[in-house]
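Dear colleague,

I am handing over the structure below, and after it you will find notes on what was found in it. Please read them with the model open beside you.

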Amino acid sequence: MIHITINGKVVQAKDGEMLLTVIRREKIDVPTLCHHEAVEPSGACRLCMVEITKPEWDGWCDYVTSCLYPAADGLIVNTHAKKVNELRSSILDMYLARHPKSPEIRQLAAEYGVLKTQFEEVVDGDNCILCGICTRICDTMGFHAISMVGRGHGKEVAPPLNMAPTACVGCLSCAKNCPTNYIEYNMENGGLTIWKKDFEMVACTECGKTTITKEFAEYLSKNRDINIDYFRKCDECHRKELAGTMGRISNWDREARS
Amino acid sequence: MNNRFIVKPELCTGCRSCELACSFTHAIDGVRALTRITPIDGGFKDLWVPVTCLQCDDAACIKSCLVNALKRNPVTGAVELNHEVCVNCMACVAACPFGCAVLDTQANLIVKCDLCGGDPACAHFCPTKALVWEPIEKSVKKTG
Amino acid sequence: MNIKNVKDLNKIKKETLAISKKHPKKVLVCCGTGCIANGATKIVESVRDGLAKRKLKDVSIEILKETGCHGFCELGPLVIIEPQEIFYTKVKPKHVDDILDKSFLENEIIEPLLFTNPVDGSKITKYNDISFFKHQQRIALRNLGKISAHDMKEYIGVDGYQALAKVLFKMTPDEVIEEVIKSGLRGRGGGGFSAGKKWKICKNIQADKHYVICNGDEGDPGAFMDRSIMEGDPHGVLEGMMIAAYAIGAKEGYIYVRDEYPLAVTHLEKAILDCERSGLLGENILGTDFSFTIKIARGAGAFVCGESSALMKSVAGEVGEPRAKYVRSVVKGLYDEPTVLNNVETLVNIPTIIRKGADWYSSIGTKKSTGTKVFSLVGKVRNTGLIEVPMGITLREIIYDIGGGILEDRPFKAVQTGGPSGGCIPESMLDLPVDFDSLTEVGSMMGSGGMIVMDDKTCIVDVAKYFLEFLVEESCGKCTPCREGLYQLHKLLEKICAGKGEMSDIEKMERLSENVMIGSLCGLGKSGPNPLMSTLKHFKDEYIEHIKDKKCRAGVCPELITYEILDNCTGCMACIPACGYDAITGKKKEVHIIAQDKCTKCGACYAVCNFDSILVS
């Protein structure tokens, strides 16, 4: 265990764990747009930057992304230093210029006092903030169905060749974890469409309720050694089945006793 | 692992105190959460079965999780879901053969029983002792 | 060829020198990319045919040398006749017979093919008498233009692989590192970090594997020093890598070359193959315990892949995006193992440093920036090309002595150094000694050694806009400040160039630049606002002029200039058809008129007017 100082308070931390983890554990609010615990930090949004210094640095300080900076003994961290706040407002201002219509961006920017961008707004822009959460989750789950394509201002998230990705199983993790709810999908009539790919959902053999796609169920069964029969019923019907089984046993017990 | 969670349907009256206890214990910001335990009609007269996670040894939910959000707590023996890591892919919901991982649509989180970290609230509040959290030796002795 | 030990190596050296002595007369044809583009391949064929005709076919390999780049590409194809050192420029296949008969077989000089001194129009015969070459000191470029680039024996003939033998038999890895630290050699890719210290850190990290990577991803517009070295002296690069590998204990190395450099790839591949076949690469090199292999990794030409962490991702086959380097790549680099990444120019210096010693090397240059540096001198100077000069030389010496001064004797305005992330240096600082620290001090940087000279016809705001545009395009787009911030800076510059700027924009740009510099993830973003900041620092008047007076003094920004026809117009009517928008009217032998509402300020009339009658203001 090591000790670091965050906003004047000495706290314990594990050597090498990322500053953001410690900051969040201390319930200090530091905004992030590209952070997700399921994936490796990437340092893309730059909102989690903090000011760091050490007594032996002679008053010199540095600005680092807390999601990627390992905690070290004696480090002094300021999560809301004047320069840090200015940096965050400036970055949110840039975001606001690029995605003026995104409610999530507008709200976060407003929290840092940016109600209107001072820069030229991008007209006809979309709400994809290129945080890479979707692509990193897809990679971590082992599908690699979508990735960042292109570079600079024209960068976008897309499947290979912009065609329905063969590797996608329709788990929807990309869409559900998008911080700006930008990734669209359509679920109706027992089917799902995402990234221009159509999927069939597994319908519960009892009640018809759908939970995941057939492709996802087959993938899990094949790669994670799960009996495919487990996927035939929905959670509710499974619970009823369990109650029925346990009920029968208890009833035998009851009859045997009486 | 010192304690074991035991369900005795023959004692359950279906009063649903366990649901309330669970729901309040897992509340987020004062908002009640979806219960992880629920008494279901066992199909026989006056027989209720409180259905909750069995904390399977070879748990399908753990196997189904592609981001390692589900892990077994070595102290309590419970399979715990880390909401920070969970990506809501529904794999565990679909894979559990007992339907004990559930989507809380209001909080938009997948929930499952975590034995309240080693002190299950439902057992505390069960008026008929249909749910008990007791030392393993005791239950082993009783059931032989 | 089998090189199993030092004896074999020295035998080949002796043989090569003997052959060279036997045939002192040689024809050297520059086969760098520049000269090949100008037709050097045909010259080589013609010389070969010519030698065959003159019954010299059997010894043509000893006579004809296809050398690397001399750096004087604008005058290619270049041919040098030895031993007289006659330097011929812009040679065409039709000249070859003449050259062979007169200059090669006899001692005659063909005047029209000689270099013309652009300053006074005089003809210069000898290579080393030309001011462009005279003031240079070549260490990194030592073999360029002197030996056949793809011939391993020739490299061995000029003391090649002697440094490798020296480190393997006479020095411990620590001694090698100490020697390189003592030499003061700093990273030539732009970082300027001590090469030896980098090796030391890497060596001292316990790991299963260590890697050496040679960074040949030269991306600065107009820079071609690394390309020339890889093409012209591939074995020099390999030897430098081998010494680095021995020093840090690496068994595998990579050379990262951009795919736009096909000739560099071909020559490096040949050099690696020759080394593998002869035993200089592979297991138990020169009979010692040292084993090393080199692979070529080809990049797709993204500018950001020159950044160490992006480069290593690209080598590993991933998307070339940088990562935060709070843990340095010498500690955790390629495949998460400790990795030394050195630039081509850094590595090619190593063998000479080892052979001649650290003291010799550190005696060249300045105290904190030792040795020489290769620059690519381009822009509005008379002589453009690759030059290698000792550190500490002044900008004035480079531009006026080597470069021959500004074209048409126009006034000098600024010199841009350090590539797109560098800055502009004004005339008042022409006597600045060029080294790593002095350039950084004045808001520019050494970078990989680009040097663009500008005259009064260059608009400084337009220059800043050009570099920002390049960086916006080459930003990988991963982090927000670089992707969005540079984009907004470029938008603001566009606005100013279009005459729509406001005084508050300057402050806005300064603040945004600062935040982009602090906030960006990698060096590209951190130094991205440099071209803007340095021009704002030294040429603020010009920005204000653009904003307040809506004037572009250089006559570059179309929205801020007008084209007028002066009274000295002869009425030749040349400009009338040249104008694509029918803006010019007039009769023969009468002064023409430009209709301002139709003029698009394209400059076509200005370009065709032979009488300087078009005024741009």
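R410(C) and D456(C) form a salt bridge, with their closest N and O atoms 2.9 Å apart; the term stands for a side-chain nitrogen of Lys or Arg within 4 Å of a carboxyl oxygen of Asp or Glu. R410(C) lies in the loop between α17 (395-402) and β13 (412-417) of chain C, and D456(C) in the loop between β15 (450-455) and α19 (460-474) of that chain, so the pair ties together parts that are 46 residues apart in sequence. Helices (H or I, at least four residues) and strands (E, at least two) are DSSP runs, numbered from the N terminus. R410(C) is partly exposed at 27% relative accessibility, and D456(C) is partly exposed at 27% as well, where buried means under 20% relative accessible area, exposed over 50%, and partly exposed in between (1.4 Å probe, protein chains only).

Please keep in mind that this is a predicted model, in which local features need pLDDT of at least 70 and side-chain atom pairs count only at pLDDT 80 or more, while totals for chains, interfaces and linings use all residues. Residues are numbered from 1 along each chain as its sequence is written, chains are lettered from A and ligands numbered from 1 in the order in which they are written, and side-chain values use heavy atoms, with hydrogens and water left out.

Over all chains the salt-bridge rule gives a count of 52. One of them joins K65(C) to E154(C), whose closest N and O atoms are 2.5 Å apart; K65(C) lies in strand β2 (residues 64-67) and E154(C) in helix α7 (residues 152-157) of chain C, so this pair ties together parts that are 89 residues apart in sequence. K65(C) is buried at 8% relative accessibility, and E154(C) is buried at 10%. The salt bridge between D462(C) and K465(C), at 3.9 Å from N to O, lies within helix α19 of chain C, where the two residues are three apart, about one turn of the helix. Elsewhere in chain C, K53(C), R54(C), D97(C) and D101(C) are linked in a network of salt bridges.

Turning to the interfaces, 33 residues of chain A are in contact with 30 residues of chain C, contact meaning heavy atoms within 4.5 Å. The two chains bury about 2,700 Å² between them, 55% of it on carbon and sulfur atoms; buried area is the accessible area (1.4 Å probe) that two parts lose on being put together, summed over both. In chain A, the residues that lose the most area to chain C are M94(A), R151(A) and H153(A), together 23% of what that side buries. Four salt bridges cross the interface of chain A and chain C, and R98(A) forms a salt bridge with E484(C), with the closest N and O atoms 2.7 Å apart. From α2(A) come nine residues, the largest share of the side of chain A that touches chain C. On the side of chain C, N515(C) sits in helix α21 (residues 503-519), is buried at 4% relative accessibility, and touches residues including K83(A), E86(A), L87(A) and S90(A).

Between chain B and chain A, the contact takes 38 residues from chain B and 36 from chain A, and the buried area is about 3,100 Å², of which carbon and sulfur atoms give 68%. The count there is one salt bridge, and the side chains of D225(A) and K63(B) meet in a salt bridge at 3.8 Å, N to O.

With kind regards

Notes. Lists of a residue's contacts leave out its neighbours within four places in sequence.
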